[in-house]
Amino acid sequence: MGFAQCSNQGIFDKCIGAVDGLLIELHDVRDTEALRAAQYFTRKGFYAMNVQAVCDANYRFLWYSIDNPGSVHDSLAFGKGSLCRALSGGILQDGMYIVGDA
């Protein structure tokens, strides 16, 4: 089953994935030379990693990134990531697309 079956109006016919970001909470965060704890402190009031992922309509992961600390907004994390570069470089076949929120 693909995204096309999720819509009765053909809206998702060529959709191959959905991208979203989430914060994975970190515990016992300490300031060190390698880790600047403030970068991992989120606007929601806890320490976290910003995880970006793309799943298909069957909930299988197609791509993920754990490259950004929790203080980085989803849109910036996506813009800095390898998926954004690949999409900008034309990795998808004509008409295919990935959906996501802003």
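**Burial, strand pairing and a pocket**

Student: At 16% relative accessibility, does Y40 count as buried or exposed?
Tutor: The model is a predicted one. Y40 is found in helix α1. Buried means under 20% relative accessible area. At 16% relative accessibility, Y40 therefore counts as buried.

Student: What distance separates the C-alpha atoms of Y40 and G17?
Tutor: Y40 belongs to helix α1, while G17 has its bridge partner in β4. Along the chain, Y40 and G17 are 23 residues apart. Their C-alpha atoms are separated by 28 Å.

Student: What is the C-alpha separation of R43 and S71?
Tutor: R43 sits in the loop between α1 (37-40) and β2. With a relative accessible area of 75%, R43 is exposed. R43 and S71 are 28 residues apart along the chain. The separation between their C-alpha atoms is 6.8 Å.

Student: Which class of aromatic pair do the rings of F41 and Y47 form?
Tutor: The count of aromatic pairs comes to one. Ring centres must lie within 6.5 Å, and planes over 60 degrees apart count as edge-to-face. The rings of F41 and Y47 have centres 5.0 Å apart and planes at 70 degrees, so the pair is edge-to-face.

Student: Which residues meet in a salt bridge?
Tutor: Searching the whole structure gives one salt bridge. Side chains of opposite charge can pair when their charged atoms come close. Here the N to O distance is 2.8 Å, and the side chains belong to R60 and D56.

Student: Is D56 buried or exposed?
Tutor: The side chain of D56 meets that of R60 in a salt bridge. The cut-off for buried is under 20% relative accessible area. D56 has 12% relative accessibility, so D56 counts as buried.

Student: Does β1 run parallel or antiparallel to strand β4?
Tutor: Strand β1 covers residues 15-25, and strand β4 covers residues 97-100. One of the residue pairings is that of G17 with I98 in β4. Four bridges join β1 and β4, and the two strands run parallel.

Student: Which element gives the most to the lining of the largest pocket?
Tutor: The largest pocket holds about 380 Å³ of space. Of the 20 residues that line this pocket, the closest to its centre are G21, N50, H73, D74 and S75. β1, β2 and α2 (74-80) each supply at least two lining residues. With five residues, the element that gives the most is β1.

Student: How many residues of the lining of the largest pocket are charged?
Tutor: The lining of the largest pocket divides by class into six nonpolar and nine polar residues, along with charged ones. The number of charged residues is five.

Student: What is the phi of Y59, a residue other than glycine?
Tutor: Y59 lies in the loop between β2 and β3 (61-69). At 72% relative accessibility, Y59 counts as exposed. Its phi is positive, with a value near 65 degrees.

How values were computed
Residues numbered from 1 in each chain as written. Predicted model: local features only at pLDDT ≥ 70, side-chain atom pairs only at ≥ 80, totals over all residues. Heavy atoms only, no water. Phe/Tyr/Trp six-rings, centres within 6.5 Å; stacked < 30°, edge-to-face > 60°. Salt bridge = Lys/Arg side-chain N within 4 Å of Asp/Glu carboxyl O. Buried < 20%, exposed > 50% of the residue type's maximum accessible area, 1.4 Å probe, protein only. Pairing = 2+ DSSP bridges. 1 Å grid on protein atoms, 1.4 Å probe; cavity = no way out; pocket = protein on both sides within 12 Å on 5 of 7 lines; lining within 4 Å. Points joined across faces, edges and corners; volume = space filled by probe spheres on them. Nonpolar A, V, L, I, M, F, W, Y, C, P; charged D, E, K, R; others polar.
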